[in-house]
Amino acid sequence: MNAPTRRRILVTSALPYANGQIHLGHLVEYIQTDIFVRFQKLRGHEAVYLCADDTHGTAIMIRARAEGRSERELIAAMREDHLADFAGFRIEFDHYGSTDSDANRRLCGEIWRSLRDKGLVVSRDVKQLFDPKAGVFLADRFVRGTCPRCKAADQYGDACEKCNATYSPADLVDPVSTLSGATPEIRSAEHLFVQLEPMQGFLREWTKDSGALDPRISNYLTGHFLGEPLRDWDISRPAPYFGFEIPDAPGHYWYVWFDAPVGYIAATDEWSAAQGGSWKAWWHRGGTNEPAAEIHHFIGKDITYFHTLFWPAMLEAAGLALPTKVRIHGFLTVNGEKMSKSRGTFLLARTYLDHLDPACLRYYYAAKLSGDIDDIDLNLEDFAAKVNSDLVGKVVNLASRTARWLEGTGLSETYPDDGGLFAQGALDGAEIAAAYDDCDFARAMRLVMAAADRANAYVDAEQPWKLAKAGPESAEKLREVATVALNLFRQIVVYLTPVLPDLAAETGALVGGPILSWEESRHPLTGVPVAPFKPLARRVEAPQLEALVAASKPATPPSPLSPPSNLPSSGNASVTTDPAEPLAAEPLAPQCTIDDFAKVDLRVARILAAEEVPEAKKLLKLTVSLGGEERRTVFAGIKGFHDPAALEGRLVVVVANLAPRQMKFGLSEGMVVAASGAGATGVYLLSPDSGALPGMRLH
RNA sequence: GGCAGCGUAGCUCAGUUGGUUAGAGCACCGGCUUCAUAAGCCGGGUGUCGCCGGUUCAAGUCCGGCCGCUGCUACCA
């Protein structure tokens with residue numbers, strides 16, 4: 001790659017809110033972005049992938065209060081979870097920051113100063129409902145009451161679900177704060193606004209002509225917002241509010257949507273500082289930012305206007321670089337419908353990782369993402385079929401069926417005649433790269449699979465297994481055929497490296513060393529050793545999917561009058577402490593030493609099969625895997641509490657060195673660890689965090 | 001209500017500036033192969049391209065209307 005063509009590309013994903021766990025909908029974006037960045041790096045460009053937790057706002061404040069801990073404790077815990085989930089899916093950030101950082105506070109101040117200097121900030125009073133008991137102003141959705149039009153009870157503060165009337169929360173009959181149950185009162189408070197109308201001309205031009213936006217998006221913006229006067233943007237919230245206090249307006253805090261996008265720059269700042277550089281080399285116009293960096297924001301369509309109106313307006317006012325591309329994707333549906341907790345299709349990243357390989361989802365998303373704004377559907381049956389036939393049946397199978405013939409000899413010393421297959425594959429590289437660069441990963445995957453089809457047809461035509469049986473005189477020919485097949489395989493893997501980094505690493509270990517450059521797709525390897533073949537991918541089995549769905553269903557159906565969505569749906573939401581009964585019912589055992597503990601070998605295991613034992617009252621017969629070929633039969637006293645079908649595929653903890661015990665129904669070779677007691681009837685299996693693998697020991 | 005997008009084989013989707021008998025993968029059926037993680041190869045489609053109408057020598061592709069689905073509709077994150 002020539003120096004002048006080396007691009008500087010700054011890439012961001014939208015900042016996940018610190019109020020919830022990462023789910024498979026989020027992952028559409030992070031996987032899409034990660035693939036894009038890995039591709040650019042593989043091509044030799046200087047690409048930087050930045051993200052951060054979005055930590056501020058009322059929802060965080062309320063939740064922390066409900067959980068009886070500080071906001072910073074809450075966001076620190078959530079950050080751990082987010083990072084673990086991202087790592088599990090091989091999302092590789094160059095830096096992952098937080099909007100609650102010194103850098104962000106400072107940069108918000110700088111941009112704020114620019115807005116002030118340009119005279120864009122104005123202030124006026126806003127009437128809002130106030131909860132006198134909780135001491136906070138209430139967003140519409142924190143107020144419920146009787147609809148003023150149709151008198152339906154228990155409606156939200158902005159609209160009636162029964163008669164579709166819209167109104168102000170102040171119009172509600174008998175309004176109630178969902179936070180405290182108190183009757184809210186109307187209070188007036190000063191808010192600060194950013195005037196956008198003076199930026200109208202700039203925005204109209206930028207949305208249409210900058211090339212940053214798909215024409216569909218710029219049309220939408222032109223039709224909806226641009227063309228009539230832009231309303232002022234309410235950018236402040238009165239105390240109490242979890243966020244940054246505005247330096248020149250004590251008692252006022254920046255609204256979370258002000259400091260969230262600045263988090264992109266703050267992350268750049270922290271990353272640059274660690275490299276000994278400056279964020280200005282990416283965000284300034286001209287000067288140190290030369291040649292100008294490209295800035296690519298990946299976002300979901302729900303936050304379009306924040307990134308296409310407010311954000312460019314802020315950057316323009318501050319004289320900073322504008323986004324090169326705002327890449328907008330659609331939502332995820334599961335089995336054709338919105339993700340649903342009751343259907344078991346609200347799939348958390350962590351739950352997925354407990355049951356399936358992240359590579360499968362990365363590939364499936366890649367095969368679906370065409371770079372446009374349409375929603376994509378995760379159809380679980382299709383998912384299994386696609387992953388199994390493409391990844392296992394076509395790609396990995398190529399190596400699986402030929403590598404072993406090269407273990408002793410390595411690749412041929414010169415590249416044999418392959419009828420032009422490798423050259424064809426190398427030629428396709430340009431088209432595949434163009435598809436990646438355009439975020440049309442679906443097209444890239446189709447092209448790659450076509451190459452895999454050609455390679456499999458080649459193997460079939462050459463029939464190496466017959467050469468293997470034919471004896472020594474065919475040995476050289478066999479080596480040549482296998483050399484071709486393995487080179488075609490590796491070429492395909494180079495193209496898949498952005499999507500499947502683990503497969504790329506394992507392929508490198510099999511033959512040729514780490515895959516570091518897209519250029520490796522252009523030249524076949526010769527004369528290098530081939531390591532013993534190890535399985536590179538596992539098939540997706542139906543029981544795993546069933547277990548994933550089962551594990552995603554709520555333990556108890558949600559109550560029809562469940563609280564508003566940003567109260568946590570799980571965990572200890574209440575300020576009251578946990579009951580004392582469980583501990584009291586079974587007091588602590590005598591103290592033991594670390595050596596005592598070490599005698600018990602606890603291992604992560606995967607339940608491969610679970611079946612009823614009809615004659616038994618409490619037992620299920622489980623077959624568990626400790627990784628590799630290690631299998632155990634374990635009888636577990638959990639019948640009636642767990643549906644056998646739902647157990648298959650999930651990870652549990654077993655006592656792996658327990659002496660086998662002959663039971664009435666067979667030999668039990670271990671014990672599955674579960675919590676119970678205190679008069680409660682349930683038996684609760686333990687699940688490791690995402691990322692754990694069968695065979696790992698608990699320390 | 002308004003606006004936008006989508007609606008192509010059982011499923012998931014391609015279909016470039018309108019141009020010959022509308023394609024791929026999976027599923028399914030038949031045959032071959034048996035090296036490989038029940039993997040591979042060959043062959044098999046009479047689909048009203050949501051419905052109706054229009055423009056055109058020619059429309060899945062352009063225009064209008066209708067139906068269905070989805071999303072958006074700034075102080076909601």
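**Figure 1. Base contacts of RNA strand B.** A polar side-chain atom of Arg 401 sits 2.7 Å from a base nitrogen of RNA strand B. This is a predicted model, in which local features need pLDDT of at least 70 and side-chain atom pairs count only at pLDDT 80 or more, while totals for chains, interfaces and linings use all residues. Residues are numbered from 1 along each chain as its sequence is written, chains are lettered from A and ligands numbered from 1 in the order in which they are written, and side-chain values use heavy atoms, with hydrogens and water left out. Asp 234 also faces a base: an N or O atom of its side chain is 3.3 Å from a base oxygen of RNA strand B. Arg 231 uses its backbone, where a polar atom lies 3.4 Å from a base nitrogen of RNA strand B.

**Figure 2. The protein surface near RNA strand B.** Near means that a heavy atom of the residue lies within 4 Å of the strand. RNA strand B is surrounded by 50 residues. The closest are Tyr 255, Lys 338, Lys 368, Asn 397 and Ser 400. Of the RNA atoms that come within 4 Å of the protein, 69% belong to sugar and phosphate. Which helix gives the most to this surface? Helix 12 does, with nine residues. Helix 12 spans 380–400. Other helices that each supply at least two residues include helix 7 (256–275) and helix 14 (441–462). Helices are DSSP runs of H or I with at least four residues, strands are runs of E with at least two, and both are numbered from the N terminus. By class, this surface has 21 nonpolar, six polar and 23 charged residues. Here Ala, Val, Leu, Ile, Met, Phe, Trp, Tyr, Cys and Pro count as nonpolar, Asp, Glu, Lys and Arg as charged, and the others, Gly among them, as polar.

**Figure 3. Tyr 220 in helix 6.** Tyr 220 belongs to helix 6, residues 215–224. Is Tyr 220 buried or partly exposed? Tyr 220 is partly exposed because its relative accessibility is 32%. Buried means under 20% relative accessible area, exposed over 50%, and partly exposed in between, with a 1.4 Å probe and protein chains only. Leaving aside neighbours within four places in sequence, Tyr 220 is in contact (heavy atoms within 4.5 Å) with Phe 225, Thr 304 and Tyr 305. Tyr 220 and Tyr 305 are 85 residues apart in sequence, yet 9.9 Å apart in space, C-alpha to C-alpha.

**Figure 4. Asp 100 in a loop.** The loop holding Asp 100 runs between strand 3 (95–98) and helix 4 (102–117). Asp 100 is buried because its relative accessible area is 17%. Its side chain joins that of Arg 72 in a polar contact of 2.6 Å. Within protein, such a contact is a pair of N or O atoms within 3.5 Å, one able to donate a hydrogen and the other to accept it; residues adjacent in sequence count only if both atoms are side-chain atoms. Not counting residues up to four places away in sequence, Asp 100 touches Thr 55, His 56, Arg 72, Ile 75, Phe 242 and Phe 244.

**Figure 5. Tyr 365 in the largest nonpolar core.** A nonpolar core is a set of buried Ala, Val, Leu, Ile, Met, Phe, Trp, Tyr and Cys residues joined through side-chain atoms within 4.5 Å. The largest has 167 residues, and Tyr 365 and Phe 383 have the most contacts inside it. Helix 16 (residues 475–496) gives the most to this core, with 13 residues. Beyond four places in sequence, Tyr 365 touches Leu 24, Leu 27, Val 28, Ile 31, Leu 332 and Ile 376.
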